[in-house]
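Me: I would like to learn how to read salt bridges and a helix cap from a set of coordinates. Please take one feature at a time.

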Amino acid sequence: MKPEMKTIELELTRTIPASPIEVFDGWLDPKCPGTPWSGAAKLVLDPKVDGLYYWLFINEAGERKPHYGRFTILDRPAKVQYTWMSLHTRGLESLVTVTFQKKGEDTLLTLRHENLPDDEYGRGHEKGWGYLLSRFADRFPRDRDEP
């Protein structure tokens, strides 16, 4: 019998200068930089409960990195949750939960990724999500009153 793999959880936050509805909608928009769906070489995206997604990322070395899963919660504008599998989850079905909480005129985006393998590949998701969240936050202007 194979021993159970030790897992980790990651949590990252960003304050986004936009309403929760704008941030929620942006997160599901494949044209919005910084979302998991943007920049895919191939994308299938059906954002509804039990809807499936598949996206293929090809890195600079030409390595193909497929990601896939299904949406489990879509609660506009508060929460998106989906399963997440890739080569870097080592066969584990991990779970991504993104919440959008009003914070003054802004939105606090919290991304929690659970059931990742406790190894370099699992821990590498923190860097990947950090990069994406920074790109996503940059998509929203800091001063919404400027033209």
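**Salt bridges and a helix cap**

Reply: Asp118 is partly exposed, at 28% relative accessibility; the class covers what lies between buried (under 20% relative accessible area) and exposed (over 50%), with a 1.4 Å probe and protein chains only. This is a predicted model, in which local features need pLDDT of at least 70 and side-chain atom pairs count only at pLDDT 80 or more, while totals for chains, interfaces and linings use all residues. Residues are numbered from 1 along each chain as its sequence is written, and side-chain values use heavy atoms, leaving out hydrogens and water.

Me: With which residue does Asp118 form a salt bridge?

Reply: Side chains of opposite charge can pair when their charged atoms come close. The rule asks for a side-chain nitrogen of Lys or Arg within 4 Å of a carboxyl oxygen of Asp or Glu. Here the partner of Asp118 is Lys6, with the closest N and O atoms 3.5 Å apart. The two are 112 residues apart and link distant parts of the chain: Lys6 sits in the segment before S1, and Asp118 in the loop between S7 and H2. Helices (H or I, at least four residues) and strands (E, at least two) are DSSP runs numbered from the N terminus. Lys6 is exposed, with a relative accessible area of 61%.

Me: How many salt bridges does the rule give?

Reply: The count is 10. One of them joins Asp46 and Lys48, whose closest N and O atoms are 3.6 Å apart. Asp46 is partly exposed at 31% relative accessible area, and so is Lys48 at 47%. Salt bridges with shared partners also join Glu9, Glu11, Arg112 and Glu114 into one network.

Me: Which residue caps the N-terminal end of H2?

Reply: For polar contacts, look for N or O atoms within 3.5 Å; within protein, one must be able to donate a hydrogen and the other to accept it, and residues adjacent in sequence count only if both atoms are side-chain atoms. The cap is Asp119, with a side-chain oxygen 3.0 Å from the backbone nitrogen of Tyr121. Asp119 lies in the loop between strand S7 (106–117) and helix H2 (120–138). Its side chain also makes a polar contact of 2.7 Å with that of Arg90.

Me: Is Asp119 buried or exposed?

Reply: Asp119 is buried, with a relative accessible area of 18%. Within H2, the buried residues include Trp129, Leu132 and Phe136.
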